[in-house]
Protein chains: 2
Amino acid sequence: MQTLKYSRQREAIKEFLMSRNDHPTADTVYTNIRQEFPNISLGTVYRNLSLLADLGEILKISTGDGGDRFDANTKHHYHFICNECNSVIDLDLKSLDHINELASVNFGGNIIGHTTHFYGTCENCTKKH
Amino acid sequence: MQTLKYSRQREAIKEFLMSRNDHPTADTVYTNIRQEFPNISLGTVYRNLSLLADLGEILKISTGDGGDRFDANTKHHYHFICNECNSVIDLDLKSLDHINELASVNFGGNIIGHTTHFYGTCENCTKKH
DNA sequence: TTAAAAATAATAATAATTATCAATATTAAT
DNA sequence: ATTAATATTGATAATTATTATTATTTTTAA
């Protein structure tokens, strides 16, 4: 089997994500991590983001607009996505686990979780007009 | 301004979507609509799906795995996405509008809506093992 | 019937991501 | 410490999903 080996690039990617709370894209990770590793390849960034997500060490957030976002905060929480600037912002909202049971009532399959994205206009964009 | 003109292709695309409840991708729409319009272009399918979504006549569903899905049922409802077969299934769950207010409590921006996707194993995939 | 404008089919281009592979780095065993 | 095995990398090609371009066709209003 594939046993995991340490890599400095992977550590740097994870540490970079932990230093941010704005849910950067793979490309943003790439351009920033290049300051420390000028020769790092975009493929290496994608590979490690994907691996870290599979390991459960980071979260992948699909916004449906532009590339996927990544988040080092792995405990279940909710995101707001601004309709104007597309920024992704953490929300202070306790987990709504009861809605899994509500959704299960008339459903034959097995629901184990949910993701919710809230939409609207963020504070910055509201101030602009 | 751009005034809308009728097109047989657009009508056929909308009617095809209304005949289905499995939230097909643009490519699935394309291969099916080709039975009626053998020369239709994939670009035409994308253009019309996008236009219909902008007009609010259909919904675009981003699943984060594979291409976007489309749904002729435009009233707010919830979807289940199977972790195994990736099928998208409508859920019978009343709208959880109160969670918009809950999410707004400690948030500076303006929340106008949300989308929730439930995850797990669908009935078919559960039966398989 | 004609003319203007929108829509189309065909195709090229783009964005985001994944795959390939020879060279390098890590790790476990000597 | 040295070696051997193998995971990881950087470079790059390929793929997937989607959008843009443009000459031709269709729709619609005059």
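Reader: In this model, is Phe118(B) buried or exposed, and what is its relative accessible area?
Author: The model is a predicted one, and the value is computed from it. Residues under 20% relative accessible area count as buried. Phe118(B) falls in the buried class, because its relative accessible area is 0%.

Reader: Which residue pairs its ring with that of Phe118(B), and what is the geometry of the pair?
Author: A pair of aromatic rings is described by the distance of the centres and the angle of the planes. For Phe118(B) the partner is Tyr78(B), with the ring centres 6.3 Å apart and the planes at 80°. Planes over 60 degrees apart count as edge-to-face, so the geometry of Tyr78(B) and Phe118(B) is edge-to-face.

Reader: How many residues apart in sequence are the parts that Tyr78(B) and Phe118(B) tie together?
Author: Tyr78(B), which counts as buried at 0% relative accessibility, belongs to strand β3 (residues 78-82) of chain B. Phe118(B) belongs to strand β5 (residues 110-121) of chain B, so the parts tied together by the pair are apart in sequence by 40 residues.

Reader: How many aromatic pairs does the structure hold over all chains, and what is the geometry of Tyr78(A) and Phe118(A)?
Author: Over all chains, the structure holds four aromatic pairs. The rings of Tyr78(A) and Phe118(A) have centres 6.3 Å apart and planes at 80°, so this pair is edge-to-face.

Reader: Which residues of chain A does UniProt list for "binding site", and why do they gather at one spot?
Author: The unreviewed UniProt entry lists His76(A) and His114(A) under "binding site".

Reader: Where does His76(A) lie, and with which side chain does it make a polar contact of 3.1 Å?
Author: His76(A) sits in the loop between β2 (69-71) and β3 of chain A, and it counts as partly exposed, because its relative accessibility is 40%. Leaving aside neighbours within four places in sequence, His76(A) is in contact with Ser95(A) and His114(A). The polar contact of 3.1 Å joins its side chain to that of Ser95(A).

Reader: Is His114(A) buried or exposed, and which side chain does it join through a polar contact of 2.7 Å?
Author: His114(A), placed in strand β5 of chain A, is buried, with a relative accessible area of 5%. Leaving aside neighbours within four places in sequence, its contacts include His76(A) and Tyr78(A), as well as Phe118(B) of chain B. The polar contact of 2.7 Å joins the side chain of His114(A) to that of Tyr78(A).

Methods. Residues are numbered from 1 along each chain as its sequence is written. Chains are lettered from A and ligands numbered from 1 in the order in which they are written. This is a predicted model: local features need pLDDT of at least 70, side-chain atom pairs count only at pLDDT 80 or more; totals for chains, interfaces and linings use all residues. Side-chain values use heavy atoms; hydrogens and water are left out. Rings of Phe, Tyr and Trp (its six-membered ring) pair if their centres lie within 6.5 Å; planes under 30 degrees apart count as stacked, over 60 as edge-to-face and the rest as tilted. Helices (H or I, at least four residues) and strands (E, at least two) are DSSP runs, numbered from the N terminus. Buried means under 20% relative accessible area, exposed over 50%, partly exposed in between (1.4 Å probe, protein chains only). UniProt positions are given in the numbering used here, feature names are shortened, and annotations may be inferred rather than shown by experiment. Contact means heavy atoms within 4.5 Å. A polar contact is a pair of N or O atoms within 3.5 Å; within protein, one must be able to donate a hydrogen and the other to accept it, and residues adjacent in sequence count only if both atoms are side-chain atoms.
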